[in-house]
Amino acid sequence: MDQFGPDVAAALPGAGWLRNRRVGAAERFASASLPTEAEEIWRYSRIGQFDIEAYTPATSLAMSGHHGIPPVLEAAITVAGERSALVIVHGGRIVHTEVDPALEARGLAIGDIGADADGDDVLGDVAASATDAFTELNTAFAPGCVGVRVPAGLEVERPILVFHWIDAEGSAVFPRTIVRAGADSEVTVVEHQVSTDVAAFVDPVVEIDLAPAARVNYLTLQDLGPRVWQTGYQASRVAQDATLRSSVVALGGHYARVRTDSSLAGKGGTSYLTAVYFADGERMHDFRTIQDHVAPSTTSDLLFKGAVQDTGRSVYSGLIRVGKEARGTNAFQTNRNLVLSEGAGAESVPNLEIETDDVRCSHASAVGPIDDEHLYYLESRGVPPDVAERLIVLGFFGEVLDRLPTPTLVDTLRATIAGRLASKSADPPEVP
């Protein structure tokens, strides 16, 4: 795998400290093994089918050199509505940034941390590079790093939009985003992952750091092409009395994985984690979560809902971990899945690990078809069967969609899911 060697990582532009980080991570990756399905956290995945040698870092390929707002993204940007800032990332590199001047004057900072001489104290502070081989790979080959810093006390009312655009055949892309919210600040960050129909590998890492009493709303919309592999990692650290609301909407990719680790590190911290995912065709969505309660009197609440049809598959594996010092924890974990075709399948594995008393913890999971009584109720009132099924699935997702931090996108997402449901194959292909 010479294309992922330390020499290639060392040649990427950036500050001196970043070069050292990259080379170290590339060396560790070279000496490590890729994960296998034998590891519990990769159980039920497709990692055994992944061929990393089929890809080359996007920075080593001939890029089209887009700057500014690409025409292909203009419609999606318009649908996203009003914004406080806009960042366009092409092949992992930041190619366009705009920030509301009034907010910039008040200290809102958005830019490439990799070009910052002080970035050494920021990169990897929340998402440790050694988490797994793919996190090391991101640290080694991320050509740019979108940094969002919100100073203490600043409330950013309109969302910050970040669009990641992938269009190079055979490319390996390493987006990196770091959100740092100062004490008693508030911000909403929405990331869109968009690609053309290319064979590509996307390895995003997101770090979210909340100071005391900060409030962060984070949403990632994944609509990658049907030949894209994704191994994503999101890590958050929630300080005293801070609140994180993090959501994922996953609709695309061939195999799309997101690992989410949320650390409740300060007393009174709260983390709400939600996800909507829909896997049709041969797609697979893979979610692994850790709700890590470190400090006392913390709260986490997770609600993930998914549907699979045709030969689509999904996996959810989650852990609520309550440390010895985390008395007074409230932690809840719910995963529900609808199986809409005989060839589709879903796995759901919730877990608890509790090392103290005086806690309230619960987990629940369900995998099954649409309730026949619900279908009968609608059909008996004249609703055609295919329309009845779409209404039930959209209602199933509604509980999560209504929690998204950007209401302007909800109608578009409902329409997208409805369209995918309408294209359901009457005779899905057999599972090989």
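Helices and strands named in these legends are DSSP runs, numbered from the N terminus. The model shown is predicted.

**Figure 1. Lining of the largest pocket in the predicted model.** The pocket holds about 370 Å³ of space. Its lining comprises 20 residues, and Ala 76, His 192, Val 194, Leu 221 and Asp 223 are those nearest the pocket centre. At least two lining residues come from each of α3 (74–80), β6 (160–166), β9, β12 and α8. Strand β9 provides the largest share of this lining, with four residues. By class, the lining of the largest pocket consists of 12 nonpolar, seven polar and one charged residues.

**Figure 2. Lining of the largest cavity.** Five cavities of 30 Å³ or more are counted in the model. The largest cavity has a volume of about 150 Å³. Around the largest cavity are 15 lining residues, with Gln 193, Pro 204, Val 206, Tyr 218 and Thr 220 nearest its centre. Two or more of the lining residues are given by each of β9 (186–195), β12 (215–223) and β13 (228–238). Strand β13 makes the largest contribution to the lining of the largest cavity, at four residues. Seven nonpolar, seven polar and one charged residues make up this lining.

**Figure 3. Packing of helix α6 against helix α7.** Helix α6 spans residues 372–379 and helix α7 spans residues 385–401; they pack at an angle of about 125°, and their axes lie 9 Å apart. The α6 and α7 crossing is right-handed. On the α6 side the contact involves His 374, Leu 375, Leu 378 and Glu 379, which meet Pro 385, Ala 388, Glu 389, Leu 391 and Ile 392 of α7. Six nonpolar, one polar and two charged residues form the contact of α6 with α7.

**Figure 4. Packing of helix α7 against helix α8.** Helix α8 covers residues 410–422 and packs with α7 at an angle of about 145°, the two axes being 10 Å apart. The crossing of α7 and α8 is right-handed. Helix α7 contributes Arg 390, Val 393, Leu 394, Phe 397, Gly 398 and Leu 401 to the contact, while α8 contributes Val 410, Leu 413, Arg 414, Ile 417, Ala 418, Leu 421 and Ala 422. In the contact of α7 with α8, 10 residues are nonpolar, one is polar and two are charged.

Note on methods: Residues numbered from 1 in each chain as written. Predicted model: local features only at pLDDT ≥ 70, side-chain atom pairs only at ≥ 80, totals over all residues. Heavy atoms only, no water. Axes fitted to C-alpha atoms, helices over the stretch in contact; angles between N-to-C directions. Left-handed = near helix turned anticlockwise from the far one by under 90°. Contact = heavy atoms within 4.5 Å. Nonpolar A, V, L, I, M, F, W, Y, C, P; charged D, E, K, R; others polar. 1 Å grid on protein atoms, 1.4 Å probe; cavity = no way out; pocket = protein on both sides within 12 Å on 5 of 7 lines; lining within 4 Å. Points joined across faces, edges and corners; volume = space filled by probe spheres on them.
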